[in-house]
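Student: Please take a close look at one part of this model, the packing of its helices. I would like one connected account.

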Amino acid sequence: MKTPKCLETLLQNGLIDEVYSQLMSGKEADVYVVYSRGEVRCAKVYKEAVKRNFSQQAQYQEGRKGRGSRQARAMQKNTRFGRKELEMAWQSTEVDALRQLSEIGVRVPHVYEYVAGVLVMELVLDAEGAVAPRLNDIRLTENQALEYHAILIGQIVLMLCAGIIHGDLSEFNVLVSADGPVIIDLPQAVNAAGNNNARSMLERDVDNITAYFGRFAPELLSSDYGREIWKLYSRGALSTSSVLTGHFEQSGNPADVRGVMRDIDYARILHERMLLRANGPERS
Ligand SMILES: Nc1ncnc2c1ncn2[C@@H]1O[C@H](COP(=O)(O)OP(=O)(O)O)[C@@H](O)[C@H]1O
Ligand SMILES: [Mg+2]
């Protein structure tokens, strides 16, 4: 196909030899199949920040390390400089997350280059060698759904153990490759320790995935892996070998009703004594 403008720099630099086709024009990016350094690869070109929601983006940004304090302050403001900084942080978050996750064994596309706002990565393929479908595009048997759900819960735990939450995980951001599910699309990845919304994002990721697989394996719909995982994480007890039940208990201990009643009585007596003293005859 004719080389799109956004890929011309990479073509001139020799990082890409040919652009075969446009795979997708998503809400955040255009994705192309390219020939690069002797291989068929995938090039993701980010759309301008203007086309995204600034305040929503800023929410994901919380707790991330900027390039400096000036940049960090700028990102809080909806100015031209602020938007540019936010955009750079947004793009590099995906590259950083992909690299870090790959290193710790999460199945994500391998990153080859990140140049001029273009991410060149592994093109994920299915068993027939065609571009892998998204989870959303395929039908599953109940057993496959249970198996893929278990794999993805394992991957979510692995990510959280490294302090990362995907933040937009769903059947649209998981590809089904020849060797199982591959997680993609991470520019909004969240730092679990530094973001006040971390808990709700983690639970939403887990709920999205569970609701999807629940269509094929309805028994998953009564599980609550999200809250179980967060509870372990917040106690510092989550590890890649944590055994999960899929159930969440409010508290392991039975409520001490008698103890609570005793405390209330005690507080009431103290309060009555205080009132008596305040209203009683003045002491000399
Ligand atoms: N590495 C990849 N291999 C194969 N297809 C991909 C790859 N990355 C993205 N895609 C395809 O491009 C689409 C959009 O990419 P994504 O990273 O999800 O961006 P967006 O933010 O636009 O959703 C995906 O749904 C998928 O179909
Ligand atoms: Mg996507």
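Tutor: In this predicted model, the axes of helix 5 (residues 142-161) and helix 6 come within 10 Å and cross at roughly 170°. That angle makes helix 5 roughly antiparallel to helix 6, since angles over 145 degrees are counted that way. On the helix 5 side, the contact is made by Ala-145, Tyr-148, His-149, Leu-152, Ile-156 and Leu-160. They meet Leu-202, Asp-205, Val-206, Ile-209, Thr-210 and Phe-213 in helix 6. By class, the residues of this contact are nine nonpolar, two polar and one charged.

Helix 6 (residues 198-214) also packs against helix 7 (residues 225-234): here the axes come within 8 Å and cross at roughly 145°. The crossing of helix 6 with helix 7 is right-handed. Helix 6 brings Arg-199, Leu-202, Glu-203, Val-206, Asp-207 and Thr-210 to this contact, and helix 7 answers with Tyr-225, Gly-226, Arg-227, Ile-229 and Trp-230. The contact of helix 6 with helix 7 holds five nonpolar, two polar and four charged residues. Leu-202, Val-206 and Thr-210 of helix 6 take part in the contact with helix 5 and also in the contact with helix 7.

As for the ligand, domain 1 (1-122) and domain 2 (139-284) both give residues to the shell around ligand 1, so ligand 1 lies between them. Of the 22 residues around ligand 1, those that come nearest are Met-24, Gly-26, Glu-28, Val-124 and Asp-185. The shell around ligand 1 consists of 14 nonpolar, two polar and six charged residues.

Terms used
Residues numbered from 1 in each chain as written. Chains lettered and ligands numbered in written order. Predicted model: local features only at pLDDT ≥ 70, side-chain atom pairs only at ≥ 80, totals over all residues. Near = placed C-beta within 6 Å. Nonpolar A, V, L, I, M, F, W, Y, C, P; charged D, E, K, R; others polar. Domains from an automatic or database assignment. Axes fitted to C-alpha atoms, helices over the stretch in contact; angles between N-to-C directions. Helix = DSSP H or I, 4+ residues; strand = E, 2+ residues; numbered from the N terminus. Left-handed = near helix turned anticlockwise from the far one by under 90°. Contact = placed C-beta atoms within 7 Å. Parallel < 35°, antiparallel > 145°, perpendicular 65-115°, else oblique.
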